[in-house]
Amino acid sequence: MLQQLSQNQIDTIRIWYLVQHSLSSFYKLIHHYGSAAAAFQARHDWAKLNLHASHLKRVQEFEQSTAQSTFEDILKLIQQHSDFVICIDDADYPQQLNYYSDKPPIIFGQGDVSILNAAQIAIVGSRKPSPQGRQVAYDFAYYLSEKGFYINSGLALGIDEAAHRGGLQHGRSLAVMATGLDSTYLQQHLQLRQLLAQSGAVITEFLPKTLPLQHHFPRRNRIVSGLSLGVIVAEATLQSGSLITAKIAAEQGKHIFAIPGHIYDAYHQGCHLLIREGATLVDHPE
């Protein structure tokens with residue numbers, strides 16, 4: 001729990017709140033006005049920047065006491081549920097994310113903030129894996145965390161869960177969430193999330209009260225891959241969302257690794273596709 005937020009953090013959170021997590025609008029405002037504080041002071045001129053109508057309406061509504069009260073509640077929830085808050089110009093901001101134009105301008109987290117700048121490997125895959133796929137993800141995470149890498153994943157069912165549990169055996173795992181820190185999706189992973197916060201870290205770019213909307217998951221995935229040295233797809237069908245993560249990782253210039261399986265097994269068709277497209281085939285964590 002945070003005792004207090006700095007003025008820069010509050011200014012950044014306020015703009016992030018007003019533009020409703022819009023990366024393009026946030027960075028347009030910062031680049032034009034120079035800082036979050038200056039952008040808020042000039043909020044009545046935002047229409048000149050051709051921002052989305054919903055953002056302009058939100059700014060108008062923010063003049064009302066009820067809207068400001070709602071924002072104050074958001075700040076209280078951030079303090080209540082966060083162990084750290086990192087803005088883009090803070091020393092603790094993950095250096096590996098600085099290369100990307102769509103980097104999150106703020107990160108809310110629980111656990112050990114230093115993990116964000118540690119060497120990480122992402123392990124992703126199907127939410128409904130085979131028993132073998134789940135075991136492979138766990139084994140790779142166990143081995144790599146033993147060697148000093150932090151295991152990064154998205155706290156989803158299946159491969160994500162197995163990877164987190166394998167990494168936690170050596171206290172080295174990080175989860176990126178697609179909601180605010182005030183909720184856990186899925187609820188059945190609440191205990192796992194608590195373990196991650198105690199022995200690793202849990203982070204998100206989303207404000208409290210943010211629902212797990214479908215388009216939030218690809219946004220989460222870009223952070224998973226962006227923080228990592230490479231991405232291992234442990235098991236994936238052709239419809240698996242982990243292929244989106246692999247695509248994002250490739251665009252970020254990351255190393256992509258895929259674990260093969262039986263050629264007739266639908267569980268592995270996504271991995272085989274990645275291998276055909278140039279991913280490195282791996283059958284052992286070494």
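Buried here means under 20% relative accessible area. Keep that in mind for the close-ups below, which all come from a predicted model.

**View 1. Asp-11 and Arg-14 pair up in a salt bridge.** Look for the N to O contact of 3.1 Å between these two side chains. Both residues sit in helix α1 (residues 7-18), and because they are three residues apart there, about one helical turn separates them. Arg-14 has 15% relative accessibility, so it counts as buried. Asp-11 is buried too, with a value of 10%.

**View 2. Arg-43 reaches Glu-63 through a salt bridge.** Their closest N and O atoms are 2.8 Å apart. This pair ties together distant parts of the chain, 20 residues apart: Arg-43 lies in the loop between α3 (36-41) and α4 (53-61), while Glu-63 lies in the loop between α4 and α5 (65-81). Arg-43 is buried at 16% relative accessibility, whereas Glu-63 is partly exposed at 37%.

**View 3. Asp-102 and Arg-222 form a salt bridge.** Here the N to O distance is 3.6 Å. The partners are 120 residues apart, with Asp-102 in the loop between β1 (84-87) and β2 (106-111) and Arg-222 in helix α9 (residues 216-226). Asp-102 is partly exposed, with 32% relative accessibility, but Arg-222 is buried at 6%.

**View 4. Asp-102 and Arg-222 belong to a salt-bridge network.** Glu-205 and Arg-219 are the other members of this network. Zoom out to the whole structure, and a search turns up nine salt bridges.

Methods. Residues are numbered from 1 along each chain as its sequence is written. This is a predicted model: local features need pLDDT of at least 70, side-chain atom pairs count only at pLDDT 80 or more; totals for chains, interfaces and linings use all residues. Side-chain values use heavy atoms; hydrogens and water are left out. A salt bridge is a side-chain nitrogen of Lys or Arg within 4 Å of a carboxyl oxygen of Asp or Glu. Helices (H or I, at least four residues) and strands (E, at least two) are DSSP runs, numbered from the N terminus. Buried means under 20% relative accessible area, exposed over 50%, partly exposed in between (1.4 Å probe, protein chains only).
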